[in-house]
Amino acid sequence: MTTTLAIANQKGGVAKTTTVASLGAALAELGHRVLLVDLDPQACLTFSLGIDPEDLELSVHHVLTKGLDPTEVVIETDDGVDLLPATIELARAEADLLTRTGREHVIKSALEALEEDLGDEGYDWVLLDCPPSLGVLTVAALTAATGVLVPLQCETLSHRGVGQLLDTVHDVRRFTNRKLEVWGVLPTLYDGRTNHARTVLETISDTYDLEVVEPPIPKTIKFAEAPAAGRSILATNRANKGAQAYREVAANLVTRSQRPRSRPSRKTASP
Ligand code: ADP
Ligand code: MG
């Protein structure tokens, strides 16, 4: 069974893309079959996996707006994960999809088509790298997802967007994906030496009644260097404490994926 996780937060720079690349590599190390989907027109995920978006003729944009078979676009990467890459053309997809019926379901349909094609060879995990907005692509990602994980930089005011994101999740549950579960917040760029980071984290998890996924990902300079190498930090700096933290998070997510899925509550199920 495939677990599809949307990594979402409409704020930029909170380590969504880093989390997708690192968790993907960590899950692959554990022997899982992993697909990463780049849903940001900036194509940072694609680039960080060693692929120059400018060299690509086909990308996720063609799958979502032109109905191209996803198997024609998926690329194997050096990190042991497969990638549905993005290019800047994806910026147009957002506008193209706005007038389309069923736009919320485009990612879900594409993943279902892929699953049908692959049969027993299908993916254990699909990680969706959302763009920094709550637009069509993020809603389509949430519609396709089993769960949503929210990377959060623990600084003052970082929680201002969380309520809005949770409102979107609530709408998605009501209208397009009753089974969507919030897997929690993942503290990123975490400086555990400050009480401040811990206080902010506690406030956020209390205010919104959110689980905190452990362990927090420490701030380390090595993350900035990894994308240029075209590999995730797990490959470039195996023993780095950030890489190690992502491995532990991946193991915890695997445990979580084996939990029986909770039934959607009545409150969110019937409008
Ligand atoms: P987003 O996808 O949310 O915009 P990114 O993953 O692109 O965020 O990360 C934003 C920046 O922060 C990048 O330059 C990345 O290298 C850096 N970064 C991410 N995680 C860490 C970390 N744990 N320590 C230090 N820098 C990090
Ligand atoms: Mg990003």
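Colleague: How do the residues of the shell around ligand 1 divide into nonpolar, polar and charged?

Modeller: There are 8 nonpolar, 7 polar and 2 charged. Ala, Val, Leu, Ile, Met, Phe, Trp, Tyr, Cys and Pro count as nonpolar, Asp, Glu, Lys and Arg as charged, and the others, Gly among them, as polar. Mind that this is a predicted model: local features need pLDDT of at least 70, side-chain atom pairs count only at pLDDT 80 or more, and totals for chains, interfaces and linings use all residues. Residues are numbered from 1 along each chain as its sequence is written, while chains are lettered from A and ligands numbered from 1 in the order written.

Colleague: Which residues are closest to ligand 1?

Modeller: Ala15, Lys16, Thr17, Thr18 and Phe223, out of 17 that surround ligand 1 (C-beta, placed from the backbone, within 6 Å).

Colleague: And which helix gives the most to that shell?

Modeller: α1, with 3 residues. Helices here are DSSP runs (H or I, at least four residues), strands likewise (E, at least two), numbered from the N terminus.

Colleague: Switching to the sheet, what's the strand order?

Modeller: β3-β4-β2-β5-β1-β6-β7, an open sheet of 7 strands with mixed pairing; strands pair if DSSP finds at least two bridges between them. The edges are β3 (75-76) and β7 (181-188).

Colleague: How many bridges join β2 to β5?

Modeller: 5, and those two strands run parallel. One of the partners in β5 is Asp129, bridged to Asp38.
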